[in-house]
Amino acid sequence: MQMPDAEIAAALRLKPSTVSYSIKKMRRERTILRYRYRLNYHRLGFPAVAWVLLRFKSSLLGASSTDSIATESLDKLLSFPQVHVASFLTGPHDVALKLIDRDVVAINKFVLHISSELKDMLESPLVLFSTRMYKTHNVVLERTTPCAKLTAKDFEILSYKMLKPDAELREIAEKLSLHRNTVSNRWQMLWRENVLFKKTPVVNPVVYDELGIGLKAIVFLDVAADQLHNAVSALVKIPAVHELNQLLSGYDLMAIVRVKNVPGFFDLMKQIYAKPGVRKTVSHIILYSKPHSPNYLHEMSKAGMLPFKLACKKANEQRN
């Protein structure tokens, strides 16, 4: 959950009014662009997670239109509700996709679909299934089983808040024709059940270097089987490791890391190699990354991925 201003003030030994003023100033000056809620997809009923690595066909590389083709393909991939993040990479693969769906069969079906739809642009994909997600958005996940308490109302509330993070519960109750207490109780339950686990500021990229997160990379790790638990326990404690997954094949672990620059990345890799059982790593620098738009719960509903239909309002209608 987002830390209240009073807690931030106590941690930094500042007055709450100083913290509140600074946050408002950062919003006004566009240092903080907006806020975004982070969802635990496992708790939402989507336990299947996979990373898909793609290559552009060699015939496209070097062409004057390569940049536009790459941008178009990324936007095309992000139009599917299963794709939650798409990134351009260095190394033998050009694009990495984070896919989320109900099961492995659904993910395999989707990968075959995009392989066919974009066959003129992309080579055969490499699919890496995640058997367990230990950490995401710099938060260690404690509960990763589907939450049985969720109803269509909860998804409607979540969807509205994803589109309008600053909306008050009173507004949501009015828009969804629910009682204010009902919305308040369901919202608290979503936090309590770890369906929602974080509210984060979306920071202007121009200040990434100042924040020490200017370089982002995917790191695949080969770990000795008898040391896997110890390695995971050590890696999740590293602040620069923002995400950590156990993989079914190819590699043992996959991490998303954020550091200030190349020297910072070198120092981080020395830390990683010092952890128990880490034998080998393969790294890909993320050149550019783009998340799915905040209206993906409605897109999931339209695609039949939810057990019920959400009210299909367009994102711009809910923003007004």
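Which of the 36 residues in the largest nonpolar core touch the most other members? They are Leu39, Leu44, Leu158 and Trp187. This is a predicted model, where local features need pLDDT of at least 70, side-chain atom pairs count only at pLDDT 80 or more, and totals for chains, interfaces and linings use all residues. Residues are numbered from 1 along each chain as its sequence is written, and side-chain values use heavy atoms, with hydrogens and water left out.

**View 1. Who builds the largest nonpolar core.** Such a core is a set of buried Ala, Val, Leu, Ile, Met, Phe, Trp, Tyr and Cys residues joined through side-chain atoms within 4.5 Å; buried means under 20% relative accessible area with a 1.4 Å probe, protein chains only. Elements that each supply at least two residues include strand E1 (32–39), helix H6 (152–163) and helix H8 (180–192). Helices (H or I, at least four residues) and strands (E, at least two) are DSSP runs, numbered from the N terminus.

**View 2. Around Leu39.** Leaving aside neighbours within four places in sequence, Leu39 is in contact (heavy atoms within 4.5 Å) with residues including Leu44, Leu158, Phe197 and Tyr296.

**View 3. Strand E11 and its partners E3 and E8.** Strands pair if DSSP finds at least two bridges between them. E3 (residues 83–89) and E11 (residues 278–291) run antiparallel over five bridges, with Ala86 opposite Lys290. Seven bridges join E8 (residues 215–223) to E11, also antiparallel; here Leu221 partners Thr281.

**View 4. Arg36, buried without a salt bridge.** Arg36 sits in strand E1. A salt bridge would need a side-chain nitrogen of Lys or Arg within 4 Å of a carboxyl oxygen of Asp or Glu, but the nearest side chain of opposite charge, Glu299, is 10 Å away. The Arg36 side chain does reach the backbone oxygen of His292 at 3.0 Å.

Methods. Buried means under 20% relative accessible area, exposed over 50%, partly exposed in between (1.4 Å probe, protein chains only). Lys and Arg count as positive and Asp and Glu as negative; His and the chain ends are not counted. A polar contact is a pair of N or O atoms within 3.5 Å; within protein, one must be able to donate a hydrogen and the other to accept it, and residues adjacent in sequence count only if both atoms are side-chain atoms.
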